[in-house]
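Here are my notes on this model, point by point. Please read them with the coordinates open.

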Amino acid sequence: MSAWELAIDVGLISVLLLFGVILRAKVQFVQKLFIPASIIAGLLGLTFGPNGFDLLPFSDLVSAYPTVLIAVIFGAIPIGAAKVNWKQTFGRVRNMWVYSMLLTMLMWGGGAMITYLLLANVWDIPVGFGLILGAGFLGGHGTAAAVGEAFSGLGWEEATALGYTSATIGLICAILGGLLLVKMNARNNQTNFISDFEDLPNELRTGLVPHKNRKSSGDDTVSSNTVDPLFFHIAIIAVVVMLSYFLQTGIESLFPQVSIPLLSLSFVVGLLVQLVLNATKANDYVDKRVIDRLSGTATDLIVAFGITSINLAVVAAYAWPLLALFVFGVIWAYCIFRFIAPRVFHRHWFENAIFGWGWSTGTVAMGIALLRIVDPKTKSTTLDDYALGYVGMVPVEILIITFGPIMMMGGAGGLFSLILLGASAVLIFIASKSGWLTSIQETRNYNRDSNVS
């Protein structure tokens, strides 16, 4: 691949992303559905790219970009993270951690379970098919790329296209289902910070932030006389991804039968790099806001490139089992939203739950978008609690992504789902006995009294 092919790929997807921004800013239908520019770009790339009408000259490596970009996202998670006093914060973030763990284990385990018990007995599908739900709905396009990479190493190359399809459908379900839930619960007085869906600020609809509401994306932590501050942060993440790649190739050369996803190694290397930054006090010159912006950029590109690279022929071959899996996924996610979230969160339960809905069907970014609709002034502590709770949940997620494909392809799909669903039941039991959970009616009475006061 030449440098110009890379430049053309990035240029084409950038044109489509900018077109998506314009559509979001100008077309009311797109605004009402809150469709992100990255989804618009991906759908246009799929329609007019090599897998559609073949009018856009994308290179053959479009499907390979998400594998690198997901390493950027997971490698960036530890970089610049502040030290946390867990003794002081655990009580506040405990319930968010419980909810995050339950969402993760139930979505991954539920997809594996329904495939093992039902779908595999109706259709002739690969044994790893059940992980497509967790990879796409809960994980998004980045995780779909990682799981697809793992399955490809185990002989199932079609998994990546199915994972991207799952992630795309999940985003649509997150948007449409999330907006419906917001409207219904706003009418029933279950929201704490908005009373009418139509009262949302215009910037949430158009995607364009007026001058008076703009916020800084970061500070200059190094002098531009030395190196540009933005490139300084890019360089740190680039080093993490590079070391992760060399570590992956080194492990595979020593143990050819072992396939470890790049994102797993990237997170571990990111932790090690952050330890070095802390030990040398260089972390004072890392702005977490800039790191997050770079991670967000990688997320947008993953969505756009991932949808563009979907192989429609593969999707058509698995159309019916995919449809059944997606229907189950939406019902399963709604059950978590309806019956578990109100018990875990007795304060601001709906705001936390709608964030969880967006995350469990689309991506964390979609959860944030839905949260901003119901909490436009960020009065809840949802995101702060999630950021801290996520640290304790990431190792579990990485273990699932790393060993899930191996267990599924090794014929242990039933055991895999049993472990995750069993662990969920144990966590619910412990939380109930510890007094962390409450009744749904008590939660709703609390929210009703808060709204009245």
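1. Start with Ser-59. The model is a predicted one, and in it Ser-59 is buried, with a relative accessible area of 12%. That value puts Ser-59 in the buried class because the class covers anything under 20%. Ser-59 sits in the loop between helix 3 (37–48) and helix 4 (65–76).

2. What does the side chain of Ser-59 make a polar contact with? The partner is the side chain of Asp-9, at 2.4 Å. Ser-2 and Ser-59 are separated by 57 residues in sequence, and their C-alpha atoms are 10.0 Å apart.

3. Next, the salt bridges. How many does a search of the whole structure find? The search returns 3. Side chains of opposite charge can pair when their charged atoms come close.

4. Take Asp-219 and Arg-289. They form a salt bridge, with 2.7 Å between the closest N and O atoms. Asp-219 belongs to the loop between helix 8 (202–206) and helix 9 (229–254), while Arg-289 belongs to helix 11 (residues 288–308), so this pair ties together parts 70 residues apart in sequence. Asp-219 is partly exposed, at 44% relative accessibility. Arg-289 is partly exposed too, with a relative accessible area of 33%.

5. Arg-289 has another partner, Asp-287. In this salt bridge the closest N and O atoms are 3.0 Å apart. Is Asp-287 buried or exposed? Asp-287 is buried, since its relative accessible area is 10% and the class takes anything under 20%.

6. The remaining pair is Asp-292 with Lys-288. Their closest N and O atoms lie 3.9 Å apart, and the pair forms a salt bridge. Both residues are in helix 11, 4 residues apart, which is about one turn of the helix. Asp-292 counts as partly exposed at 37% relative accessibility, and Lys-288 counts as partly exposed at 23%. As for shared partners, salt bridges join Asp-219, Asp-287 and Arg-289 into one network.

7. Now the interior. In soluble globular proteins, nonpolar side chains tend to be buried together. Here the largest nonpolar core has 124 residues. Which of its members touch the most other members? They are Trp-108, Phe-129 and Ile-354. Helix 5 gives this core its largest share, 14 residues.

8. Look closely at Phe-129. Neighbours within four places in sequence are set aside here. Phe-129 is then in contact with Thr-115, Leu-119, Trp-156, Leu-162, Tyr-318, Pro-321, Leu-322 and Leu-325.

9. Finally, the surface. A nonpolar patch is formed there by Tyr-116, Leu-117, Leu-118, Val-122, Trp-123, Trp-320, Leu-323, Val-327 and Ile-331. Together these residues have about 940 Å² of accessible area. Which elements give two or more residues to the nonpolar patch? They are helix 5 (86–122) and helix 13 (319–344).

10. Leu-323 is partly exposed, with a relative accessible area of 43%. A patch residue needs over 30% relative accessible area, so Leu-323 passes that cut-off.

Terms used
Residues are numbered from 1 along each chain as its sequence is written. This is a predicted model: local features need pLDDT of at least 70, side-chain atom pairs count only at pLDDT 80 or more; totals for chains, interfaces and linings use all residues. Side-chain values use heavy atoms; hydrogens and water are left out. Patches are made of residues with over 30% relative accessible area and no salt bridge: like charges are joined within 9 Å, nonpolar side chains (Val, Leu, Ile, Met, Phe, Trp, Tyr) within 5 Å. Accessible areas come from the Shrake-Rupley method with a 1.4 Å probe; for residues, only the protein chains shown count as cover. A salt bridge is a side-chain nitrogen of Lys or Arg within 4 Å of a carboxyl oxygen of Asp or Glu. Buried means under 20% relative accessible area, exposed over 50%, partly exposed in between (1.4 Å probe, protein chains only). A nonpolar core is a set of buried Ala, Val, Leu, Ile, Met, Phe, Trp, Tyr and Cys residues joined through side-chain atoms within 4.5 Å. Contact means heavy atoms within 4.5 Å. A polar contact is a pair of N or O atoms within 3.5 Å; within protein, one must be able to donate a hydrogen and the other to accept it, and residues adjacent in sequence count only if both atoms are side-chain atoms.
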